[in-house]
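User: I have a structure to read and I am new to this. Please take me through it step by step.

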Amino acid sequence: NLGGGARDAEAMARRLAEGFTERRVDLGRVDDTWFLNVAGFGFDVAVLRRSLGWRLLRGSAVYLVSAVQEIARFRGVEVDAGGRAARRLMLVFSNGEHFGGMFHIAPDARIDDGLLDAILIDDVSVLRRVPLLLGVLRGTHRAQRAVTQERGAAFTLRFNEAPWFEADGELHRATGRDVEVASVPGALRVVDA
């Protein structure tokens, strides 16, 4: 999401040695928990929680196997997002375009615009979940009726109970059933790509 060759250590070292410019990027916040890239509620949290139980699998395989298991098991989450109560498959608040290394969740998101892209996906039948989630891999999911995208500086959510959520892949539980997700503009300095 930041650009540049973060996996090429030699190129990064050259860039630092030759001089660089700094850039300010936004952070996100779910109540008191900070995130750089993405925070999510619903299906991605169920998959993350299931993946913590694996001992023999590693890497992307853990997430993929856990996701396949949750496709039929996950029952959605009841949430009121900005006065619109609905059962959702997932709610993702994205500062960047990608998450999980392979999902193109918010193709229009920018890490330095002071806003978060909210991707709200309605709960759908098990048969509709597979093509919907494959669409998330390619970034084509937004064309489906079950998907709503909004852009904003802050979002207020109300759940039936304190929800579990993930922030940059780390599992957390909110302190109450009312949750605020907000952008914090220019909160982090990074080396410009």
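Analyst: Start with cover. Buried means under 20% relative accessible area, exposed over 50%, and partly exposed in between (1.4 Å probe, protein chains only). Helices (H or I, at least four residues) and strands (E, at least two) are DSSP runs, numbered from the N terminus. This is a predicted model: local features need pLDDT of at least 70, side-chain atom pairs count only at pLDDT 80 or more, and totals for chains, interfaces and linings use all residues. Residues are numbered from 1 along each chain as its sequence is written, and side-chain values use heavy atoms, with hydrogens and water left out.

User: Which residues of α4 are buried?

Analyst: R129, L132, L133, G135 and V136 are the buried residues of α4. They sit on the same side of α4, because they cover an arc of only 150 degrees around the axis (taken from the directions from the helix axis to the C-beta atoms). The face turned away from that buried side carries exposed L127 and R138. Just after α4, G139 has a positive phi of about 80 degrees.

User: How do I read a salt bridge?

Analyst: Side chains of opposite charge can pair when their charged atoms come close. The rule is a side-chain nitrogen of Lys or Arg within 4 Å of a carboxyl oxygen of Asp or Glu.

User: How many salt bridges does this rule count?

Analyst: The count is 11 salt bridges. One of them joins R189 and E22 (3.5 Å, N to O). R189 lies in strand β11 and E22 in strand β1, so the pair ties together parts 167 residues apart in sequence. R189 is exposed, at 53%; E22 is partly exposed, at 48%.
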